[in-house]
Amino acid sequence: MLNPGEMAPDFELPDAGMDSVKLSDFRGRQHVVLYFFNKDHTPGGITEAVEFSERVAALARHDAIVLGVSMDDCMAHELFIDEEGIEFDLLSDPEGEVSRRYHALREWQVGDVVRYGIARSTFVIDKAGLIRHAFYQVTPKGHAAEILTLVQSLG
């Protein structure tokens with residue numbers, strides 16, 4: 001698991017428009033709320049995305065942006081953004097490489113089949129690239145409000 005005080009692992013992933021987003025591009029400019037979720041169009045995925053979206057303006061007033069990451073492809077993200085009115089970038093991590101680096105990818109076995117999925121996780125990364133807060137096994141409802149309060153304390 002990643003812990004507060006550690007440097008956030010850098011990454012480069014495509015967004016819904018297939019443009020490349022690199023974490024280090026925000027260094028020195030903005031705080032980043034990076035959250036991992038299992039899948040678009042799921043009840044928890046919708047709740048979490050909508051609640052973060054409702055707080056995008058408030059987060060921006062504190063120099064923070066939101067980036068959501070799942071293993072869904074770019075086209076699925078584009079549809080999800082359009083249907084739910086999401087106001088921030090969703091990034092595609094189809095192989096789970098970045099999710100693994102953040103210890104958000106979990107595996108489990110069902111009979112003889114090994115399956116992979118993302119365990120809801122959120123990281124508040126400051127402008128210097130340091131993880132200030134790390135949450136694993138997140139409950140979607142109310143989580144965005146908690147994260148906004150933490151971002152407000154970053155200064």
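**Exercise 1. An aromatic cluster**

Determine whether Phe36 and Tyr102 are buried or exposed, and classify the ring pairs in which Tyr102 takes part.

Solution. The model is a predicted one.

Step 1. Phe36 and Tyr102 are both buried.

Step 2. A search of the whole structure gives eight aromatic pairs. One of them joins Phe11 and Tyr102, with 6.3 Å from centre to centre and 80 degrees between the planes. Planes over 60 degrees apart count as edge-to-face, so the Phe11–Tyr102 pair is edge-to-face.

Step 3. Phe11 belongs to the segment before β1 (12-14), while Tyr102 sits in the loop between α4 (97-101) and β6 (105-110); the pair therefore ties together parts that are 91 residues apart in sequence.

Step 4. The relative accessible area of Phe11 is 4%, and the residue is buried. For Tyr102 the relative accessibility is 0%, which also counts as buried.

Step 5. Phe36 and Tyr102 have ring centres 5.3 Å apart and planes at 40 degrees, so this pair is tilted. Because Phe36 lies in strand β3 (residues 31-36) and Tyr102 in the loop between α4 and β6, the pair ties together parts that are 66 residues apart in sequence.

Step 6. Ring pairs link Phe11, Phe36, Tyr102, Phe123 and Tyr136 into a cluster.

**Exercise 2. The nonpolar cores**

State which residues have the most contacts inside the largest nonpolar core, and which elements give two or more residues to this core.

Solution. 

Step 1. The largest nonpolar core contains 23 residues, and the most contacts inside it belong to Leu34, Phe36, Tyr102 and Ile125.

Step 2. Two or more residues of this core come from each of β3, β4 (64-70), β8 (121-125) and β9 (131-136).

Step 3. Another core, of 22 residues, lies apart from the largest one; among its members are Ala16, Tyr35, Phe37 and Ala64.

Step 4. Consider next the contacts of Ile125. When neighbours within four places in sequence are left aside, Ile125 is in contact with Ala8, Leu23, His31, Val32, Leu34, Tyr102, Leu130 and Ile131.

**Exercise 3. The covering of helix α1**

Identify the residues of helix α1 (residues 43-53) that are buried, and what covers the buried residues of α1.

Solution. 

Step 1. The buried residues of α1 are Gly44, Gly45, Glu48, Ala49, Glu51, Phe52 and Ser53.

Step 2. An α-helix has 3.6 residues a turn, so residues three or four places apart point the same way.

Step 3. The covering of the buried residues of α1 includes β3, α2 (56-60), β4, α3 (74-84), β8 and α5 (143-152).

**Exercise 4. Arg100 and a ring face**

Find the ring over whose face Arg100 lies, and list the contacts of Arg100 beyond its neighbours within four places in sequence.

Solution. 

Step 1. Arg100 lies in helix α4 and is partly exposed, its relative accessible area being 45%.

Step 2. The ring in question is that of Tyr116: Arg100 lies over its face, at 5.8 Å from the ring centre.

Step 3. With neighbours within four places in sequence left aside, the contacts of Arg100 are Glu95, Leu105 and Tyr116.

Step 4. Arg100 and Ile118 are 18 residues apart along the chain, and their C-alpha atoms are separated by 9.0 Å.

**Exercise 5. Positive phi angles**

Locate Asp63 and Gln137, and give the phi value of Asp63 and of Gln137.

Solution. 

Step 1. Asp63 is placed in the loop between α2 and β4. Its phi is near 55 degrees, a positive value in a residue other than glycine.

Step 2. Asp63 has 35% relative accessibility and counts as partly exposed.

Step 3. Gln137 is in the loop between β9 and α5. Although Gln137 is not a glycine, its phi is positive, at about 60 degrees.

Step 4. The relative accessibility of Gln137 is 55%, and exposed means over 50%, so Gln137 counts as exposed.

Methods:
Residues numbered from 1 in each chain as written. Predicted model: local features only at pLDDT ≥ 70, side-chain atom pairs only at ≥ 80, totals over all residues. Heavy atoms only, no water. Phe/Tyr/Trp six-rings, centres within 6.5 Å; stacked < 30°, edge-to-face > 60°. Helix = DSSP H or I, 4+ residues; strand = E, 2+ residues; numbered from the N terminus. Buried < 20%, exposed > 50% of the residue type's maximum accessible area, 1.4 Å probe, protein only. Lys NZ or Arg CZ within 6 Å of the ring centre and 35° of its normal. Core = buried A, V, L, I, M, F, W, Y, C linked by side-chain atoms within 4.5 Å. Contact = heavy atoms within 4.5 Å.
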